[in-house]
Amino acid sequence: MAHYRAAGNIPPKRHTQHRSESGELYREELMGEEGFSSDSSLLYHVGVPSAVLEARTWVLPDQSTKPNEPLLPRHLKLHELFADKDRDLVTGRRLVLGNGDVRLSYVVGEQTSPLYRNATGDECVFIESGEGVLETVFGHLPFGPGDYLIVPRATTHRWVPNGPVQAYCIEANSHITPPRRYLSRFGQLLEHAPYCERDLRGPSEPEVREEEPTEVFIKHRGSGPGGLTGSVHVVPRHPFDVVGWDGCLYPYAFNVSDYEPITGRVHQPPPVHQVFEGHNFVVCNFVPRKVDYHPLSIPVPYYHSNVDSDEIMFYVDGDYEARKGSGIAKGSITVHPGGHSHGPQPSAIEASIGVHEFDELAVMVDTFRPLELGEGGQACDDGVYAQSWTAEPWTESE
Ligand SMILES: [Fe+2]
């Protein structure tokens, strides 16, 4: 994220003495990507950011995966994964799909999470429903339905829901950014991009907490399933001890309702719906929009075989035109793997002709390496979706 922000109390010159009113030096920390060669921020701590009192293992939620074999398109019903909301948005996640580049998990919870740091990559958490505050070392980000929260790798944070929250978590092994083609060579969002800097919400002023000592749960590269291991660090003071920061690396929020859809006379391909990208995957969203206006247009997609990707669609809201007759509903995921052509259920094609608007909201993740099923994905697989292109035709009265 190359958009500069500054918050709180920072010195006029970087890497110079910065003292409290009582004369104590603040500890300057540079948090930066790709060594010292990409975006970074400078944070000024009251305490010592590297201090650790104790360390122990955190047993992560099951991160094991099973290949999608035999190769099949699948319908996963996420709303069946949780019978209650008695958990937090970090330790309660259930892994739905994953590979060596990205993991997709789902959680329903209302408890405050522990302090958490994902050291494997950036997280993009989409809020399906509910509201609360994402508290971070940079400051706070209130969130609500339709928000994407982008949390850079190794940002210490915790989730404080205000009531039940349903969250779809995209955990990368890399960084998650706006698509490069949306950006100028110096990083500004260009005129053709479907959103701009004004649509991105940064953190509030940082807040210094006095509680001590405190535990921080860390997910990091390691020897466990998926190449992941968890650790807990006990630190001598609360990590929210930053008096000020500035730079181009920080958590931010973007609401899907601020995405301005790009439409055309004939069907526009999914890249016009792209919102973010990471290494070997992209994130797109399908938002309510006017649809194709050529007099002979067919608004639902043509059949397509994305030979280089698995396509994972999470249906959030509305009425998804192309999937009518397949049992897809809010909270559904479809898995359309590479090597299998997919498209509308047959009766949906005629039904879409003459439609002027789609009232749908879906978040899509396309991965360039095959995804495997996590324990959560296996637990909510409907087992029959692959038959939905050959079953009895859908009619409006059904
Ligand atoms: Fe597709």
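A search of the whole structure turns up 18 aromatic pairs, where rings of Phe, Tyr and Trp (its six-membered ring) pair if their centres lie within 6.5 Å; planes under 30 degrees apart count as stacked, over 60 as edge-to-face and the rest as tilted. One of them is tilted: F82 and Y106 sit 6.2 Å apart, centre to centre, with 40° between their planes. This pair ties together distant parts of the chain, 24 residues apart, with F82 in the loop between β6 (74–77) and β7 (94–98) and Y106 in strand β8 (residues 102–109). Strands here are DSSP runs of E, at least two residues long, numbered from the N terminus. Before going on, keep in mind that this is a predicted model, in which local features need pLDDT of at least 70 and side-chain atom pairs count only at pLDDT 80 or more, while totals for chains, interfaces and linings use all residues. Residues are numbered from 1 along each chain as its sequence is written, and side-chain values use heavy atoms, with hydrogens and water left out.

Back to that pair: F82 and Y106 are both buried (under 20% relative accessible area, with exposed over 50% and partly exposed in between, using a 1.4 Å probe and protein chains only). F82 also has R94 over its face, 5.9 Å from the ring centre; for this, CZ of Arg or NZ of Lys must be within 6 Å of the ring centre and within 35 degrees of the ring normal. Elsewhere, ring pairs join F126, Y148, Y182, Y195, F254, Y259 and F276 into a cluster.

Now look at V52, in the loop between β3 (40–45) and β4 (54–58). V52 counts as partly exposed because its relative accessibility is 42%. Leaving out residues up to four places away in sequence, V52 touches H233, V234 and P236, contact meaning heavy atoms within 4.5 Å. V52 and P236 are 184 residues apart along the chain, yet their C-alpha atoms are separated by 6.6 Å.

Conventions. Helices (H or I, at least four residues) and strands (E, at least two) are DSSP runs, numbered from the N terminus.
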